[in-house]
Amino acid sequence: MARVICIANQKGGVGKTTTTVNLAASLTTLSKRVLIIDLDPQGNASSGLGIKRHENHENNIYQVLIGEKTIQEATQNTQVEGLKIVPANPDLVGAEIELVDMSQREYRLKNAIALVANQYDFVLIDCPPSLGLLTVNALSGANTFLVPLQCEYYALEGLSQLLNTAGLIKKSLNPELKIEGIVLTMFDQRNNLSHQVVSEIRTHFGDKVFESVIPRNVRLSEAPSHGQTIIEYDSKSPGAKAYKELARELVERSAPKQRTQNQQVQQQSAPQQAQTQSNTETSLETPIAREPEANV
Ligand SMILES: Nc1ncnc2c1ncn2[C@@H]1O[C@H](COP(=O)(O)OP(=O)(O)OP(=O)(O)O)[C@@H](O)[C@H]1O
Ligand SMILES: [Mg+2]
């Protein structure tokens, strides 16, 4: 069953799409089957993967959300083996309004993903830069959410709002929701501020921050204009190496935890099991509840 990860930050231009596309491509190099859901009307993940506008005007995530197409009909292959996408186009702007009166409006995406979840190892959802109904659908349908943070002065601006929204969704719509982690993006080795931001965020969020840091790398910004991921465009670039490292970390982080939990469950008596579960939940909830300072 796929792990469904929503890539979210309502702040614009922090690296959500770049992370979605290149993390997905990197996961395929580890033999994972990946589906990207482009949930942003800008359609950047779609165009970055070489999907042309005319190829997706009838088969896209908007059609799926309003019930005109099935997710299977809207899913397209990409040039990357093992990577598929449900593309988006500007029609998706209308979904924010049209969904309001529909039944199960917060669960439309979750219901669609459920139909194909057994065909993938990972489903990555690229969110728009807002906390509207589209992002609510993503957070309601995901197992976890991953937050890209740009290494700049205002890195934490708006983060408390995102964490509060995730906390509310966890309470009311998706009790299983957990934070996957924070990915630091556009790190500039020569810039003191970048180093400061990394250390501040690690102090605030501890092991919720991925070890892999994505450098500012011009190859990452060039790749989408060729309709390619960084793995195809320049697999030896520092950006490609960083995203491959991130993919490895993501896979490793979830695997041993699952194994340890399974082993513990087998060995423990019932009261001990309950204790372990409640500890795990508390530690995963902490970052959601915390109010970070507005600025670093
Ligand atoms: N590590 C990086 N190095 C250099 N450029 C980058 C890097 N990450 C992202 N960019 C560039 O920064 C811009 C914003 O990145 P991206 O589109 O991934 O952000 P986003 O959070 O998805 O934006 P939006 O909120 O508009 O959806 C793009 O032009 C992208 O090519
Ligand atoms: Mg984007």
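In β6, the residue that pairs by a bridge with Ile7 is Leu146, and in β7 the bridge partner of Leu146 is in turn Gly181. The chain passes from β6 through α8 to β7, and this β-α-β crossover is right-handed, a term that applies if, with the strands pointing away from the viewer, the path from the first strand over the helix to the second runs clockwise. Helices (H or I, at least four residues) and strands (E, at least two) are DSSP runs, numbered from the N terminus.

The model described here is predicted, so that local features need pLDDT of at least 70 and side-chain atom pairs count only at pLDDT 80 or more, whereas totals for chains, interfaces and linings use all residues. Residues are numbered from 1 along each chain as its sequence is written, while chains are lettered from A and ligands numbered from 1 in the order in which they are written.

**The sheet**

The secondary structure of the chain comes to 13 helices and 7 strands. The 7 strands form an open sheet of mixed pairing, in the order β3-β4-β2-β5-β1-β6-β7, where two strands pair if DSSP finds at least two bridges between them. Because β3 (76-77) and β7 (178-185) stand at the edges with a single partner strand each, one side of each is left without a neighbour in the sheet.

| Strand pair | Bridges | Direction |
|---|---|---|
| β2 (34-38) and β4 (83-86) | 4 bridges | parallel |
| β1 and β6 | 3 bridges | parallel |
| β6 and β7 | 7 bridges | parallel |

Strand β6 is mostly covered, since 6 of its 7 residues are buried; a residue is buried if 20 or more other C-beta atoms lie within 10 Å of its own, exposed if 12 or fewer, and partly exposed in between, with C-beta atoms placed from the backbone.

Buried residues make up 44% of the 296 residues in the chain. In helix α7 (residues 133-141), 8 of the 9 residues are buried, so this helix is largely enclosed by the rest of the structure. The buried residues of α7 include Leu134, Val136, Asn137 and Leu139, and what covers the buried residues of α7 includes the strands β1 (3-7), β5 (122-126) and β6 (144-150) as well as the helices α5 (92-98), α6 (108-114) and α8 (159-172).

Lys110 is found in helix α6 and is partly exposed, with 19 other C-beta atoms within 10 Å. Leaving aside residues up to four places away in sequence, Lys110 touches Ser140 and Gly141, where contact requires that the C-beta atoms of two residues, placed from the backbone, lie within 7 Å. The C-alpha atoms of Lys110 and Ala142, which are 32 residues apart along the chain, are separated by 7.4 Å. Over the chain, residues 24 or more positions apart account for 79% of the contacts with a separation of 6 or more.

**The shell around ligand 1**

Ligand 1 is surrounded by 19 residues, of which the closest are Lys16, Thr17, Thr18, Pro129 and Ser221; a residue is counted as near a molecule if its C-beta atom, placed from the backbone, lies within 6 Å of it. The shell divides into 5 nonpolar, 11 polar and 3 charged residues, with Ala, Val, Leu, Ile, Met, Phe, Trp, Tyr, Cys and Pro counted as nonpolar, Asp, Glu, Lys and Arg as charged, and the others, Gly among them, as polar. Helices α1 (16-29) and α10 (218-222) each supply at least two residues of this shell, and α1 gives the most, with 3 residues.
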